[in-house]
Amino acid sequence: MVVQGVLVTLAFLGIFMFPWPLTILLIAVASVRMPFMALLGGVLFDVLYFVPGAAYLPWGIVFGIGGFFASLIVHDFMKTRIMAR
Amino acid sequence: MKTQFSRTPRRARNALITPGQGMMVVVVVFVALLLLILRAVFPGVTASLASPLWSAGDGISNGMNGFFAQCSEQGNAVVERARLVRDNTVLTERMNALAVANADLVRLVGTRTEAGVGIVASVLARPPVSPYDTLVLDQGEVAGVTKNHQVLGPGGAPLGTIESVSATSARVLLYSAPGRVTEGWVGDARLPITLRGVGGGAFTASVPRDALVTVGQSVFLPVAGARTIGTIIRVDTNPSSPEAIVHIRPVSNPFSIVWVEIR
């Protein structure tokens, strides 16, 4: 639980302070246990930094939605594995 | 021996999203929509809320750089060298800009234009924190910033244009944003060139293979006369192609810009 809290805090702060590849790594790790982190992180990236013309699509939201569903599947898989033991 | 069976229906157990998670999804989607609406309706609010965190991040980053520099034996020398390199870049850029302006004035004897007064703004967020090659500035409409204003870096090097502005903040799209196309010139002969941003301040461009484009030549943008945006660091040629690919390094490193001028 503490590790999760630290990961979420670091991922959140990373959006404002860390290089974005590191932040995405932190969000990916945090979203394995908390899938909503991917979506929130992606939306926050675009809310803060996206401007029209910067990219064809707001990739933060696109990857956030993709990451959210991917991490839901991973999360469910992990839960099933733990129950099977 | 009694066997214990779970009372949870199989469908609920095998569901991808449990009711609790479903509720969480609804809440998260609601928060995400709220953030997007907030950005669309009040673009300055998000920047205002985030600016203390950006400032704290800058402070921590600078503090750590200073700490690690002082920890090493040659810390002071390294810091001094970095300062001198920065100063040298600024002075070189200023000299290039003056040389170009002088050449223009010599060609246009009798005519001259006064440079307008710019607005100085502090950079709140820059690459690599910002993933889109954008800068967030701490000046907005209150200070007179409007959309499409030019943003100049140290020494007057063109950086980008204002793409989104609120009362107290503005977002800059750098010329080097991936895929952004900008018209410019290269060399003293002012060969027209189309620059394509590749991110991180860098550019590429295609020129005819027999054009006299060489490593070390300056690349200019038609901003406030002509300003140097970068220097050619590599020219890739292919015998089977009539064009050469030019790689351009920026004069101002967007990763370390602290102050900018808006015009």
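Reply: Helix α1 of chain A covers residues 2–17, and at 1.5 Å for each of its 16 residues it should span 22 Å; the C-alpha atoms at its ends are 21 Å apart, so the length agrees with expectation. The model is a predicted one.

The buried positions of α1(A) are Gln4(A), Leu7(A), Ala11(A), Gly14(A), Ile15(A), Phe16(A) and Met17(A). Buried here refers to a relative accessible area under 20%.

What does α1(A) meet in α3(A)? Helix α3 of chain A comprises residues 36–49, and its axis comes within 10 Å of that of α1(A), crossing at roughly 15°. Angles under 35 degrees count as roughly parallel, and α1(A) and α3(A) are therefore roughly parallel to each other. Their crossing is right-handed. From α1(A), the residues in contact are Val8(A), Ala11(A), Phe12(A), Ile15(A) and Phe16(A), and they meet Met37(A), Gly41(A), Leu44(A), Phe45(A), Leu48(A) and Tyr49(A) of α3(A). Among these, Ala11(A), Ile15(A) and Phe16(A) also belong to the buried set of α1(A).

Helix α3(A) has a further partner in α2(A), which holds residues 20–33; their axes are 8 Å apart and the packing angle is about 155°. Because angles over 145 degrees count as roughly antiparallel, α2(A) is roughly antiparallel to α3(A). On the α2(A) side the contact involves Trp20(A), Thr23(A), Ile24(A), Ile27(A), Ala30(A) and Ser31(A), and on the α3(A) side Met37(A), Ala38(A), Gly41(A) and Phe45(A). Met37(A), Gly41(A) and Phe45(A) are also among the residues of α3(A) that meet α1(A).

Chain B may now be set beside these helices. It contains four helices and 12 strands, and of its 263 residues, 38% count as buried. Among its contacts with a separation of 6 or more, 55% join residues 24 or more positions apart.

Six strands of chain B form a closed barrel in the order β1-β2-β5-β4-β3-β12, with antiparallel pairing. From one strand to the next, the twist averages 45°.

In β12(B), Val260(B) and Ile262(B) lie on the covered face, whereas Trp259(B) and Glu261(B) lie on the uncovered one.

Leaving aside residues up to four places away in sequence, Leu174(B) touches Pro127(B), Asp133(B), Leu135(B), Leu159(B), Gly160(B), Arg180(B) and Pro254(B). Val85(B) is 89 residues from Leu174(B) along the chain, and their C-alpha atoms are separated by 23 Å.

Technical notes. Residues numbered from 1 in each chain as written. Chains lettered and ligands numbered in written order. Predicted model: local features only at pLDDT ≥ 70, side-chain atom pairs only at ≥ 80, totals over all residues. Heavy atoms only, no water. Buried < 20%, exposed > 50% of the residue type's maximum accessible area, 1.4 Å probe, protein only. Helix = DSSP H or I, 4+ residues; strand = E, 2+ residues; numbered from the N terminus. Expected span 1.5 Å × (residues − 1). Pairing = 2+ DSSP bridges. Axes fitted to C-alpha atoms, helices over the stretch in contact; angles between N-to-C directions. Parallel < 35°, antiparallel > 145°, perpendicular 65-115°, else oblique. Left-handed = near helix turned anticlockwise from the far one by under 90°. Contact = heavy atoms within 4.5 Å.
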